[in-house]
Amino acid sequence: MKLTRYGVLGVMAGTVLAACGGGSDNSSSSTQNGSQTAGKDASQIIGNASAHSVSELNKAARSLASASYTGSQEKAELDFLLAQQVTRMLLDDDVLRVPEIVTHELSPDARQDENINATFDCDEGGSASYSGQLNESGEASLSLNFDNCKSYYNDSALTGVAALVIKLDVQQNTSAYTLYFDNLRWHDGQAVSLSGLMAFNESADWEMPYTTLSQQYIALSVGNETYLLDAETTGEAESGSLLESMQGRLSVASRGYIDFSYEPQTYTYDFNGSTLFFNGNEAYVNFEQDTAAFVIDTDQDGTTDAGKILSLADFFAPPPADASLNPLTEISSQPYAGEPYTNESYYTVSTDIDISPGYFFDIETPRSQLEISYNWYINGILLEGVHGSTLPAYSAGVHDEVTVSMVVSDATHSYESYQQYIWLEDMPAELTVTDMPASIAAGETVSFSVVLTDPDIESADNLARLTNAPQGASMSEDGTVTWQVPQDLLFSEQNYYFGFSNRLNPNETIEKTVTATVNASQPLPLFRSGIEVPAANRSQWVVDIDGDGQNELLSTDNDQRVFLLSLDNGQYQQKWAYPYVLSQQETIQQVLPIGRNQAGSKPILVVTDHALWRIDDLAQPARQIFNTDNFLRSALLADIDGDGTEELIYHAAADAYSATLAIVNVVALDDPSTELMSFTVDEFSTFDVGNVDTDANLELVLNTGSVFDLVTAENEWQLGTGFSTQYVTTGDLNGDGIDEIISADSWGAMYVFSVTEKTQLDSRDAEDICDLRAFNLNQDDTDEIIISDCQWGEVQAFTLDENSALAQLWSVDLQEHGSTSLSAGDIDNDGHIEVLWGSGVSSSGRDILVTADVVGTTATVKPETSPVQLDAFAAAGWATTGADDEQGVFIVPTTDSGYSGLSIARLNQNGTVNVNDKFSSFWQSGMFSAITDTDNDGIDDILLPTTGTYDYGLGAFALSDLSSLWTVYGDYDTNINQIKLQDINNDGHTDVMFADGDVLTVIDTQTQEQLTSYRFSQSIADFDVADIDGVTTVLVTLREQVHILTLKETRFTVVDSVSDILCNRILFYGQSNQRSVACLWTDYGASLRTMRIVDNQATELETFALEHNAVAIAVDPTDPQRFIIAANTEDGWYDARSQLHSLTAQGKLVWSGPVLIGSANVASLQLREQTSGKLEILYGTSKGMYWIH
């Protein structure tokens, strides 16, 4: 019978409270003054609980318990049997079970107000009487009289008297209840009687964690033995477990009393980890591992010396036949200790490391009496003098291995646990930079100061060491960096990097990097692409941007490219293209010419997803003039106040594609952040501006039916049906000086409205429309309407006749699938207006720019104005091609959106591009090529892969006219993935070495004879060739293997191989007499691997992780210990952004250029050193060609 546990009382109290149905804060007191109890004995008080105070009830119950116990009052002499008897009585529920007291529902029928006086028949015989008080809040003072009451809840019938008092503290959210017993009797295998009290205090809602407190003063007769328990129990409930400790005195009538304390050490559902102490530390029962160890100090010298160990089941069974004890030295066992627990997931060098004990025990020694210490190890060596649970800060470094074990000792044994690993987090160093100039210009001398501190190092000194820096930089001992900024830069803006390491770190690992942005008055790099067309409407304009008196086409691909096209001699030529990505995270929505009708050069306005950019000078970088969190959908420019300066009107919304509301803001171009006028309207598709009424003010027209005055902001017309579902524009169709509103559904009809008459003038069926504009094609006083289809349709022109009816003027075929961005103007500068549109962007086929001459009622498409569409570019090199200046040559592996074969583009220094017709219609082609004068005529030729219906191989072509010189044919599955030039046979002419699948082949360019070849077991990923000490040496990578070959006479010999290396681009670098090897790995995280070649053997392999997604690599000819890498800013080809970086042989960045348009490829780079010593680069991307110098 575990008298200190009261789960039964919780059930009983819950029965009472449920019967109350309580919810009131009111409480009644059962306390009566002392005169009311005068002359009453203890039994009368318990039998009439509601008439007495708690103190009176307590006193009466204690007197009843004391009177019931008539046994020994002396201190008992301890032995095993008595300890077992006491332990079972205190802790074993199976010895005796206190029955349920409240076994009836106290329904409202059984009460009169708060008073109860009722007798109930029990379930299986007998009766129970309840009298007292029970209020709605749940407070109670009840007496219960049982007459052989047998309930379903109890195994035995009850006879006798009990009382229950419940007190609630609403403010403290606690409850207190006490049970009183007056000779309560039942039979549980033997006769049992109970007198006294059990009092409990606990949380009213039992929310974890909570504390309980109980007191017992009970006389208990069980069979022929009587007990008196005077005890107090404290419980700590947490995470669903209850940790109960108790202390007190248990008197056994036949033996005397024993003082005890019960101390559990862990939250468990069993006894393991707890100890029951007798008379201080005279003896105890220790529970561990489902055993009970009785240990006693038999000679009373303060040291335990004997004991007995039984299983838990045997200990709680009836007394054993053998109760003898054994010397403690014979039964003592070794303790056990598990790994200590870490209190944190990681620690730092600069903080104390605190740990907690792991699981531990000893069978015969209480956990509280075991000695716990710790052994700390640093790099496997025991740290002397530190055995506590805390390792002081800075005891170990971040690269040290720290472990700790727990040592548990009893009086005779000691046990050390396995070691727990401690993770020390490498805290980042902190770099403080001061006096860094706000702007840095090329050629300046700048200085700034740095202080590096490291939380992992207990030092207040400046730990900075300048480990990586651009040429001309140095650092003094006080941390002042001085740098002579280069005068000549490749770009108008470059980022240079200063890497600082910890001077105490011999590995010179860079901890922090400072970026310095340098600006130069450097012209923009020369950039050209193929003839691209817009993907969105109102994105190309016929206008004289550069102020040379000749119109150009300002256009964009609505991705990253902005460019000018001129139509010269019937062919479009890209006259200018902006070379930089405006925003890495945004695409171009629209381009607009500023001051289109004004004389001279004109700025360009570019609208991206969230920003406005202005290009004032074609030779200078764009500048951002506005940004917003909203999505910019479209914009137009109009002089709304007649002052000769255009205002900007833009459409914005909170979502990129759909939104409930939209905003139209009118702003000044020189201050777009200040709104001159703003309209918040329901979402719409398109808008335009025109003078659509009789006043002088311009109006804003939305396709949804709104017309706003742009001076007064008044809504002058709101057509409930809307003007159309998609398109709207304005134009003076009848020559009366007032614009009409022209609109069209994407699929349905086109309409003409008059604002002055507030009516629809006419409509006409029009299916699948992609764009709608109004232009003055005949340069008279009336405008014409142009619509274009979305599929395999037409471009059509309409006018409004004298009856205000729509009449078709002409129509012409789209040429390809779909159409975008109708525009009109004198693009060929012949004095007549042409109509232009893009076609093909809505299909997977080629995209073309279509131009139609318009004469009266006839439109004729100009033939062959656009050369073949160029898909992507690989740099071949520089070439002399005869009368022309030197050209940068690029190969285009596929054309016409991948539907046609390889082509060649030659970029002149003046920006013109010569494009040949495609070499073949086959899609299969390579990206590598080489330029050399194969026929010794002083004009360069190009070597490149050839593909045709039946011929595959390597061909030589004259760059002057692209005529074929010779072809070396290969197999149908020819796959040439690298071409290099080297004089192999020492005849004074370069020979060609190329990789075709798994074969490395050398061809004499003069005779086209094969000099030698070598076949590998796998496909060749890349190779490089160099002359080392007069021997032709070749590096070959098969991606995960690198082979070094030498060529003597006509045979290759593999002289060394390196396995388990990731390498898909390989090259020699360094001075010719000190050749080293660099391997670039571009898959799944870029890395650079370097090695030296000594006596034809690869040595000193090192690996450096790269910060960027490097794709192509080339040795910097101005510094052969450095590289130029081309890296994509994102992982995929279609992300179409890349950068050029200067890289040391240790993988450290020297500088980075601006973000460029298009993704890099393995054949993107060609580099050379100019006579001035400056670097020059040809760079081909998925979007264009760069000539950078």
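Some ground rules. Residues are numbered from 1 along each chain as its sequence is written, and side-chain values use heavy atoms, with hydrogens and water left out. As the model is predicted, local features need pLDDT of at least 70 and side-chain atom pairs pLDDT 80 or more, while totals for chains, interfaces and linings use all residues.

The domain assignment (automatic or from a database) gives domain 1 (42–330), domain 2 (336–422), domain 3 (433–519), domain 4 (533–683) and domain 5 (868–974). Taken over C-alpha atoms, the centres of domain 2 and domain 4 are 68 Å apart.

Next, helix α4, residues 80–91. Helices here are DSSP runs of H or I, at least four residues, and strands are runs of E, at least two, both numbered from the N terminus. Of the 12 residues in α4, 9 are buried, meaning under 20% relative accessible area with a 1.4 Å probe and protein chains only; exposed is over 50%, and partly exposed is in between. Among the buried ones are Phe80, Val86 and Leu91.

Strand β8 (residues 210–222) holds Gln216. Why is Gln216 counted as buried? Because its relative accessibility is 1%.

Last, the surface. Tyr359 sits in the loop between β20 (353–356) and β21 (360–361). Its relative accessible area is 36%, so Tyr359 is partly exposed.

Technical notes. The expected span of a helix is 1.5 Å times one less than its number of residues.
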